[in-house]
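Hi,

Here is the structure we talked about, ready for you to open in your viewer. My notes on what turned up follow below it.

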Amino acid sequence: MTSAPHLSMTPQAVTATEQLRTPLRLRLRPNALSTGHVDGAWWPRSRDLAAELPALLAVLAVRLGDIPRVSYNLTEWDTAPRQIAVSGVRVRLGGFWSRPAHTVDVVAGDRRRLTLLLVAPDTDPSAAHRSMMRAAHRENTDTVEVLLRGAAASESTVDAVRAGDTRIPEQAFRGVR
């Protein structure tokens with residue numbers, strides 16, 4: 001007696017190939033307890049999430065292990081599949097209108113999460129570099145908006161801490177002495 005083939009109702013994952021020919025534009029905060037809005041920054045080369053994620057996830061897997069989920073804001077990317085396969089791991093992609101703009105959440109199998117500042121692909125290289133370096137700074141507590149607009153030093157908690165300013169970040173933003 002033979003059984004009929006089993007047809008899965010689960011959609012197939014798009015198989016993604018890693019393209020590490022060009023350096024990954026990623027900066028992460030040191031692996032320590034984090035505070036603030038983001039854990040680092042990523043500057044992808046395009047708005048094609050399925051094409052950009054494999055290289056990012058390959059690098060982040062060193063810190064997080066398997067990464068089965070990525071959440072993103074729908075306005076930041078071209079249409080993406082619901083899942084992709086990266087190095088044999090099925091990764092669910094969750095696009096949400098309510099997800100904070102200019103961020104990507106990468107969730108590990110043990111539920112650890114990294115929130116990355118998303119620097120738009122067409123950003124000027126020097127502005128992108130400044131935003132990424134500030135986002136990855138250990139003491140950074142800047143909001144996504146402050147990081148992306150390249151605010152003056154007086155608006156950045158990173159610059160205030162680096163300069164030895166003793167004011168708490170909320171005071172530094174308001175100019176309180």
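Let me start with Glu52, which is found in helix α1 (residues 49-64); helices here are DSSP runs of H or I with at least four residues, strands are runs of E with at least two, and both are numbered from the N terminus. Before going further, please keep in mind that this is a predicted model, where local features need pLDDT of at least 70, side-chain atom pairs count only at pLDDT 80 or more, and totals for chains, interfaces and linings use all residues. Residues are numbered from 1 along each chain as its sequence is written, and side-chain values use heavy atoms, with hydrogens and water left out.

**Charges without a partner**

Glu52 is buried yet has no salt bridge, and the nearest side chain of opposite charge, Arg45, is 5.9 Å away. Buried means under 20% relative accessible area, exposed over 50%, and partly exposed in between (1.4 Å probe, protein chains only). A salt bridge needs a side-chain nitrogen of Lys or Arg within 4 Å of a carboxyl oxygen of Asp or Glu. For charge, Lys and Arg count as positive and Asp and Glu as negative, while His and the chain ends are not counted. What Glu52 does have is a polar contact of 2.8 Å between its side chain and that of Ser46. Such a contact is a pair of N or O atoms within 3.5 Å; within protein, one must be able to donate a hydrogen and the other to accept it, and residues adjacent in sequence count only if both atoms are side-chain atoms.

Arg25 sits in the loop between β1 (14-15) and β2 (26-28). This residue is also buried with no salt bridge, and for Arg25 the nearest side chain of opposite charge is Glu52, 6.7 Å away. A polar atom of the Arg25 side chain lies 3.0 Å from the backbone oxygen of Pro44. Arg25 also lies over the face of Trp43, at 3.6 Å from the ring centre (the test asks for NZ of Lys or CZ of Arg within 6 Å of the ring centre and within 35 degrees of the ring normal).

**Charges that do pair**

A search of the whole structure gives four salt bridges. One of them joins Arg134 and Asp142, with the closest N and O atoms 3.1 Å apart, and both of these residues are buried. Arg99 and Asp105 meet in another, at 2.8 Å from N to O, and they are buried too. Asp110 and Arg112 also form a salt bridge, at 2.9 Å. Asp110 is partly exposed at 49% relative accessible area, and Arg112 is partly exposed at 37%. Through shared partners, salt bridges join Arg99, Asp105 and Arg113 into one network.

**Helix α2**

Arg134 has its place in helix α2, and its relative accessible area is 9%. Among the other buried residues of α2 are Ala128, Ser131 and Met132. Arg134 and Arg27 are 107 residues apart in sequence, yet 9.4 Å apart in space, C-alpha to C-alpha.

**Two backbone angles to check**

Which residues other than glycine have a positive phi? His102 has phi near 65 degrees and lies in the loop between β6 (89-96) and β7 (103-107); this residue is partly exposed, at 32%. Arg111 has phi of about 75 degrees, lies in the loop between β7 and β8 (113-118) and counts as exposed at 74%.

Best wishes
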